[in-house]
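Please look through the sequence and the model shown below before reading on.

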Amino acid sequence: MKMNHLDILLVCDERATYYQGTDTRLECQRVFERVVYEKANFEIEPRAAFEEEFSIDIPAEAMHSYASDHNEIVWALVVRGDVAHWPDFDRRFPICIYPLPPLTAWPNTEADPRGFIAVDDRQAPPAERADDAKVKHRS
């Protein structure tokens, strides 16, 4: 099989379900899309599987997968192919992105002359939580 082009994309869609009168509506917005693999002009031998290895980097600031009654954050790998003399194809493979584990503190990546470190205070008791800035001074 002669492949003109093959793309694999990492995508994230936000879905919201709501009611308008007696109708149920679904809104879907693509909030992230990145090509993670692409290859052009190659052959796949008859009865042979196409196999390839590549890595996927999930953005650190990305929202994890999520589902509730009316809202979803859905991550997927989308495989798009352009095959010579055949219709193009587009296949979607959902994946689950887990939340990052809670952090207590980490040093700034750039030198901060004031000696501050950023704090993620999700584990701190309410009385010890940082203010909106979420920054505390290093002792």
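## Surface and basis of the model

Accessible areas are calculated by the Shrake-Rupley method with a 1.4 Å probe, and for residues only the protein chains shown count as cover. On this basis the accessible surface of the protein is about 10,700 Å², and carbon and sulfur atoms account for 52% of that surface. A residue is called buried under 20% relative accessible area, exposed over 50%, and partly exposed in between, again with a 1.4 Å probe and protein chains only. Of the 139 residues in the protein, 25% are buried.

This is a predicted model, in which local features need pLDDT of at least 70 and side-chain atom pairs count only at pLDDT 80 or more, while totals for chains, interfaces and linings use all residues. Residues are numbered from 1 along each chain as its sequence is written, and side-chain values use heavy atoms, with hydrogens and water left out.

## Confidence

The pLDDT is the predictor's confidence in each residue, on a scale from 0 to 100. Its mean over the protein is 79, and 73% of the residues reach 70 or more. Over residues 112–139, however, the pLDDT is below 50, although this stretch has 41 contacts in the model beyond near neighbours in sequence; a contact means heavy atoms within 4.5 Å. Where pLDDT is low, the predicted coordinates should not be read in detail.

## Strands

Helices (H or I, at least four residues) and strands (E, at least two) are taken as DSSP runs and numbered from the N terminus. The protein has seven strands and zero helices.

Two strands are said to pair if DSSP finds at least two bridges between them. Strand 1 and strand 2 run antiparallel and are joined by 18 bridges, with Ala 16 standing opposite Glu 27 of strand 2. These two strands form a hairpin with two residues between them, and in the turn Gly 21 has a positive phi of about 70°.

## Nonpolar core

A nonpolar core is a set of buried Ala, Val, Leu, Ile, Met, Phe, Trp, Tyr and Cys residues joined through side-chain atoms within 4.5 Å. The largest such core holds 16 residues, and those touching the most other members are Met 3, Leu 6, Ile 8, Leu 10 and Trp 75. At least two residues of this core come from each of strand 1 (2–20), strand 2 (23–43) and strand 4 (71–83). Leaving aside neighbours within four places in sequence, Leu 6 has contacts that include Tyr 37, Phe 42, Phe 50, Val 79 and Phe 89.

## Salt bridges

A salt bridge is a side-chain nitrogen of Lys or Arg within 4 Å of a carboxyl oxygen of Asp or Glu, and the structure holds seven of them. In one of these, Asp 23 meets Arg 25 with the closest N and O atoms 3.9 Å apart; Asp 23 is partly exposed at 40% relative accessibility, and Arg 25 is partly exposed at 36%.

Another joins Glu 52 and Lys 39 at 4.0 Å, N to O. Because Glu 52 lies in the loop between strand 2 and strand 3 (66–67) while Lys 39 is in strand 2, this pair ties together parts that are 13 residues apart in sequence. Asp 90 and Arg 80 also meet in a salt bridge, at 3.3 Å, N to O. Since Asp 90 belongs to strand 5 (residues 89–95) and Arg 80 to strand 4, the pair ties together parts that are ten residues apart in sequence.
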